[in-house]
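Here is a short briefing to read alongside your model. Have the sequence and the 3D view open, and take the topics in any order you like.

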Amino acid sequence: MIINKLKIKNYRNFKDAEIELNNSLNIFIGDNGQGKTNLMESIYLSSIGRTFRLNSENELINFSENKSSVEISLIKNNYNMKIDLLLEKNKRKTVHINGVKLDKTSEMIGILNNVIFTPDDMRIIKGSPVERRKFINIDISQIKPKYKYLLNKYKKVVTERNIILKNYYTNPQNKDIINIWNDYLVNTGSDIIFLRNEYIEKLKHYAADIYADISGKKEKFEMSYCCNIGRSEYLDNEIIKKSFHEKVNNNIKNEIMRGTTLYGPHKDDIVIKIDGNECKYFGSQGQQRSAILSIKLAEIEIIKEETGEYPILLLDDVLSELDNKRKGYLMNYIKGIQTVITTTDDHDLKELTKFYNKKIFYINEGKIGNITN
Ligand SMILES: Nc1ncnc2c1ncn2[C@@H]1O[C@H](COP(=O)(O)OP(=O)(O)O)[C@@H](O)[C@H]1O
Ligand SMILES: [Mg+2]
């Protein structure tokens, strides 16, 4: 998959910008606060339908405007496609694909596949389980359209079930009603666990190989999916369902007492180990960086495996965080993958990409400058 053209209007600090991207490497150079991350965000938004930053949709629109648009032309499976995204203040955004309006903007996920790598991604290694669940949720949604639907459904089931648990003794009918919600919880939750399990299995194989390469085969990377229903490692939906049901039945009293759903994929985590020690607590900074780099590159491989095409790779200001060895590995890896890199300092990069087919842009105060090669 290749993005040919990107056109943004009144998006963040961009008034009007139109660029044609190179089909391999695109480098955007600019000082801090000029709009580099904003540009990445506009591509990400056209892929996932929301920002990776903590802003509301209104905040994506230029401060002095009421509307903003992002247009992307791409080639997917040899077809030309166009994504048009319109943001209007205090309204729901609208998305057109090849001129046809989508009923739900979530339907856009999976058209423009991306893998983004930013300094904030260290949260996947060092942060709470919430960060790791967010990360796999976005990843799986890109390749399995039904996953997003399952997640939304599961969230509603947990909310409703919690209301029943909290008010369990106020209504005698709740004794029967809870069984219905238990079934919903187990059925939807098991499907999620199954897909997460399948995804982590793939991710860990790719990431372990990449990590081994980066470390010169000196260190071992392991990754495991942890679900508090037990025995979820089996790739069999019936076994997952059975142990989930058992867990719910054995703990229902405790859940009523606490007034909340204690078991299920909303409590999942992923444990990453280097040479047997948990990376989050015992990994050196170098090991943690290698781990996140391996995971990001593994994400690319899974999208390739699932969709037949590489996603676009967005590297926002990460090169300065990597030492020369890791930077060299990454730059070598991206050959053949359309990549957008932003950086404040182009010195190393120019040297590293001397022989690459590339386009270089400058970003200054929301304006994208002339291309030099
Ligand atoms: N809705 C908005 N309208 C206008 N400017 C914005 C908006 N949101 C953010 N900005 C501006 O964008 C700039 C930050 O851009 P960013 O892409 O994060 O910079 P960097 O080049 O460092 O990645 C800041 O100057 C900020 O004020
Ligand atoms: Mg930035």
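Which residues does Gly110 touch, not counting residues up to four places away in sequence? They are Ser47, Lys76 and Gln142, where contact means heavy atoms within 4.5 Å. Please keep in mind that this is a predicted model, in which local features need pLDDT of at least 70 and side-chain atom pairs count only at pLDDT 80 or more, while totals for chains, interfaces and linings use all residues. Residues are numbered from 1 along each chain as its sequence is written, chains are lettered from A and ligands numbered from 1 in the order in which they are written, and side-chain values use heavy atoms, with hydrogens and water left out.

**The chain as a whole**

- The chain has ten helices and 15 strands; these are DSSP runs numbered from the N terminus, with helices (H or I) of at least four residues and strands (E) of at least two.
- Its radius of gyration is 22 Å, close to the 21 Å that the globule rule gives for 373 residues, so the chain is as compact as a globular protein of that length. The radius is taken over C-alpha atoms, and the rule is 2.2 Å times the number of residues to the power 0.38.
- Along the principal axes, the C-alpha atoms fill a box of roughly 75 × 55 × 35 Å.
- Among contacts in the chain with a separation of 6 or more, 71% are accounted for by residues 24 or more positions apart.

**Surface and charge**

- Of the 373 residues, 51% count as buried, which is to say under 20% relative accessible area; exposed is over 50% and partly exposed lies in between (1.4 Å probe, protein chains only).
- The accessible surface of the chain comes to about 18,100 Å², and 48% of this belongs to carbon and sulfur atoms. The areas come from the Shrake-Rupley method with a 1.4 Å probe, and for residues only the protein chains shown count as cover.
- There are 58 positive and 50 negative side chains, and the centres of the two sets lie 3 Å apart. Lys and Arg count as positive and Asp and Glu as negative, leaving out His and the chain ends; each charge is placed at NZ of Lys, CZ of Arg, CG of Asp or CD of Glu.

- Glu41 sits in helix H1 (residues 36–48) and counts as buried because its relative accessibility is 0%.
- The side chain of Glu41 makes a polar contact with that of Thr51 (2.5 Å). A polar contact is a pair of N or O atoms within 3.5 Å; within protein, one must be able to donate a hydrogen and the other to accept it, and residues adjacent in sequence count only if both atoms are side-chain atoms.
- Leaving aside neighbours within four places in sequence, Glu41 is in contact with residues including Tyr11, Arg12 and Phe52.
- Arg12 lies in the loop between strand E1 (2–11) and strand E2 (14–20), and at 14% relative accessibility Arg12 is buried.
- Although Arg12 is not a glycine, its phi is positive, at about 50°.

- Asp323 is found in the loop between strand E12 (312–316) and helix H9 (324–333), and its side chain makes a polar contact with the side chain of Arg326 (2.5 Å).
- Gly110 belongs to the loop between strand E7 (100–101) and strand E8 (114–117) and is partly exposed, with a relative accessible area of 22%.
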